[in-house]
Amino acid sequence: MSEQGKSCASFSPVKAQSASDMAKETGGQWNEFFSSVPEPAHFQESIAAVTKFISSKQADQSSRVVMVSSGGTTVPLEQLTVRFVDNFSSGTRGAASTEYFLERDYPVIFLYRAKSLQPYSRHIPSVLDLLELDETSAGVNVKSADVARTRLILEKYMKNKSSYLMITYETLGDYLWLLKGIAQALDCMGPRAMLYLAAAVSDFYVPIHDMPEHKMQSDRKPVIEFSLVPKMLLPLANIWAPNAFIVSFKLETDEDLLLPKALQALEKYQHDIVVANLLTTRKKWVTLVERTGKVTKLVNSTEDRDIEELIVNTVVDKHTEYIIGRPTAQESL
Ligand code: PMT
């Protein structure tokens, strides 16, 4: 039986031995991280929902599943959190990409920051501005100028709403716990699983034992010591889901760093694609870098098109090549 058809069983990892060895050697780092941030309150329920969703897709041997991560992560500064550090991400990349994956028939696990943008509703920033009072029926209507556009969004939403599962997070800790749990659950899909990591993930955090329990008082300067978050791409690509197709994003503000950093990440973590983007131009162009070193610039030339359509279509083609190119279970013995 080919890997594509294999059921929830272990697959032989084909990543370079060096990355896999390094992942095992440095395992203490992320274990330490997980012991210093609490599991999210809804963790068990979320993973149970993910497992059920994957099981419902897995029997169809042509089905693929993608997990899309989306939005920023908060870093709490107090145990009973009043204050936290946040970042700029709005969740456009993840929410838009989810819509285009659904158009390509991928069931999607949408792991998103609470209150960040969501598929379909992202097109309607203010529901109230869309509506008008209907004095005749004492009801409300969608303004006539907006009916066609709203109907199109609603049609797409109705068609696809049962094909995506929404899982929320708020903090960096919640995000990484859920990422690990979802990756491990997806491992049974082998190469048919894709992880598409568009969330903006903090590299710094305050371990729970270094945090005050109560709100910091303002009668003295705060002293906050951040610790480094281990790069989770290493265990993700080599231990938690070693056969999945993994697309990470690289965000920089200095263009000179973009390509070297993307190539360095692929070399180090042995995953499949880095989509490199700059903060200021991320909606206009991105550079797609493959593990082979191939570099493709994707440019959005029109205002009324999302660049995510280009990214997703390219990534889906690469995923197809990846599945076809995988050794069968027999060959990998
Ligand atoms: O949401 P939008 O406003 O639309 O913006 C989209 C985006 C700019 C956030 C998105 O396109 C993007 O670039 N996301 C990745 C941002 C990021 O975390 O970049 P990074 O260079 O810090 O990290 C690179 C990769 O390492 C990321 O895929 C991340 O998942 C991973 N990582 C990060 C930190 C960490 N501790 N472990 C990780 O594995």
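At what angle do helix H4 (residues 92-103) and helix H10 (residues 307-325) pack? The angle is about 55 degrees, and their axes lie 9 Å apart. Please keep in mind as you look around that this is a predicted model. The points below walk you through this helix pair, then a second pair, and finally the surroundings of the ligand.

**Helices H4 and H10**

- H4 and H10 form a right-handed crossing.
- On the H4 side, the meeting residues are Thr92, Arg93, Ala96, Ser97, Tyr100 and Phe101.
- Facing them from H10 are Ile307, Glu308, Glu309, Ile311, Val312, Val315 and Val316.
- Sorted by class, this contact of H4 with H10 holds eight nonpolar, two polar and three charged residues.

**Helices H3 and H7**

- Helix H3 (residues 43-58) and helix H7 (residues 172-186) have axes that come within 10 Å and cross at roughly 25 degrees.
- H3 is therefore roughly parallel to H7, a term that applies to angles under 35 degrees.
- The crossing in which H3 passes H7 is right-handed.
- H3 brings Phe43, Ser46, Ile47, Val50, Thr51 and Ile54 to the contact, while H7 supplies Trp177, Leu178, Gly181, Ile182, Ala185 and Leu186.
- The contact of H3 with H7 has nine nonpolar residues, three polar ones and no charged ones.

**Around the ligand**

- There are 24 residues around the ligand, and those that come nearest are Ser89, Gly91, Arg93, Lys250 and Asn277.
- Ser89 uses its side chain here: one of its N or O atoms is 2.6 Å from an oxygen atom of the ligand.
- Thr92 takes part through its backbone, with an N or O atom 3.3 Å from a ligand oxygen atom.
- For Arg93, a polar backbone atom is 2.9 Å from an oxygen atom of the ligand.
- Thr92 and Arg93 link two of these topics: both are among the H4 residues that meet H10, and each has a backbone atom paired with a ligand oxygen atom.

Methods:
Residues numbered from 1 in each chain as written. Predicted model: local features only at pLDDT ≥ 70, side-chain atom pairs only at ≥ 80, totals over all residues. Heavy atoms only, no water. Axes fitted to C-alpha atoms, helices over the stretch in contact; angles between N-to-C directions. Helix = DSSP H or I, 4+ residues; strand = E, 2+ residues; numbered from the N terminus. Parallel < 35°, antiparallel > 145°, perpendicular 65-115°, else oblique. Left-handed = near helix turned anticlockwise from the far one by under 90°. Contact = heavy atoms within 4.5 Å. Nonpolar A, V, L, I, M, F, W, Y, C, P; charged D, E, K, R; others polar. Near = heavy atom within 4 Å. Polar contact = N/O pair within 3.5 Å; in protein donor to acceptor, adjacent residues only side chain to side chain.
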